[in-house]
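This report describes the pairing of aromatic rings in one structure. Please consult the sequence and the model shown here.

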Amino acid sequence: MKLLRQSSPDPQQLALQLDFFSSDFSSQPKVDHPAPERTPGSLLPSLPLSNGDANAPVPHGKRRVHVGEHILDYTLVRSKRRSIGFMIDDDGLRITAPKWVTLTEIENAICEKQRWIFTKLNERREHSARRLQPQMEWRDGATLPYLGHDITLRILGTQAAGIVYNADTKELTVCLPGDAAERQLKDRVQGWLQLEAKRIFAERLPVYAEKLNVSYQSFALSSAMTQWGSCTADGKIRLNWRLIHFALPLIDYVIAHELSHLREMNHSPRFWATVQSVFPEFVAAKKALRDHAPETLPIF
């Protein structure tokens with residue numbers, strides 16, 4: 001999430017946005033590790049080598065280090081910074097370190113941060129695997145996510161227009177002419193999902209506004225490609241309609257998050273305490289949202 005400042009200095013124009021789709025990977029901040037203080041003749045012990053197979057060639061531009069039973073390749077960038085920075089991106093682990101820090105000291109820092117490093121690398125690997133999942137086919141019998149569950153798409157060939165959802169069978173029946181194009185089907189389904197999103201948001205917003213004892217001025221659907229929601233200082237809420245794909249607790253988390261900004265227009269500890277007061281499971285919900293890649297949702 002980030003605080004966006006408009007060109008006008010008017011505080012009513014301040015807005016806070018809830019970023020989505022694994023922002024931990026694409027724009028995550030560096031995790032800093034203090035550079036070791038140097039004393040004459042000081043040396044940190046080297047990392048012990050494991051018995052793992054290290055015969056595979058090291059990729060161009062990478063360095064290799066043994067961490068326990070693991071063999072880790074990383075990119076090293078030298079800079080004028082005073083600390084050692086760790087970041088996971090599409091290319092794996094990237095480390096930025098001062099020019100005077102030795103490789104031994106860098107590798108010891110890797111050892112200290114190994115739990116964070118391997119956790120983030122595994123998350124990145126899972127994220128990449130989800131990207132390779134096949135997209136849904138827009139046809140009779142296809143499934144799409146709605147409120148955290150898969151529903152089945154049924155196409156009824158008729159000249160009459162209409163779309164009906166059966167909650168018992170979890171089937172969405174779309175009435176279309178036999179010669180209708182795929183675009184017509186997508187538009188009809190998207191329109192229904194947006195109406196559902198508007199209905200559910202309108203039901204849940206007052207619930208959390210009352211819990212927080214705040215009032216919002218208005219709310220609208222958003223189709224933003226980078227945020228789940230946003231809140232302005234004067235109480236204008238925008239919620240991404242694609243939240244309708246997720247289970248109700250995740251929708252509630254985003255709503256509680258945005259409304260909490262009407263009490264704390266920041267991301268301070270007091271803000272997160274406010275969110276927690278009405279949504280205790282916010283940490284798990286926050287992670288669940290970040291774990292969903294855009295490629296896993298239907299393309300309209």
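## Trp 241 and Phe 300

Trp 241 and Phe 300 are both buried, a term for residues under 20% relative accessible area with a 1.4 Å probe and protein chains only. The model is predicted, with pLDDT of at least 70 required for local features and 80 or more for side-chain atom pairs, whereas totals for chains, interfaces and linings use all residues. Residues are numbered from 1 along each chain as its sequence is written, and side-chain values rest on heavy atoms, without hydrogens and water.

Rings of Phe, Tyr and Trp (its six-membered ring) pair if their centres lie within 6.5 Å; planes under 30 degrees apart are stacked, those over 60 edge-to-face and the rest tilted. By this rule there are nine aromatic pairs. The centres of Trp 241 and Phe 300 are 5.6 Å apart and their planes at 70°, so this pair is edge-to-face. Trp 241 lies in the loop between strand 14 (236-240) and helix 5 (248-260), and Phe 300 in the segment after helix 7 (282-290), so the pair ties together parts 59 residues apart in sequence. Helices (H or I, at least four residues) and strands (E, at least two) are DSSP runs, numbered from the N terminus.

Ring pairs also link Trp 138, Trp 241 and Phe 300 into a cluster.

## Tyr 253 and Phe 279

Tyr 253 and Phe 279 form a tilted pair, 6.0 Å centre to centre with 50° between the planes. Tyr 253 counts as buried because its relative accessibility is 1%; Phe 279, at 6%, is buried as well.

How values were computed. Buried means under 20% relative accessible area, exposed over 50%, partly exposed in between (1.4 Å probe, protein chains only).
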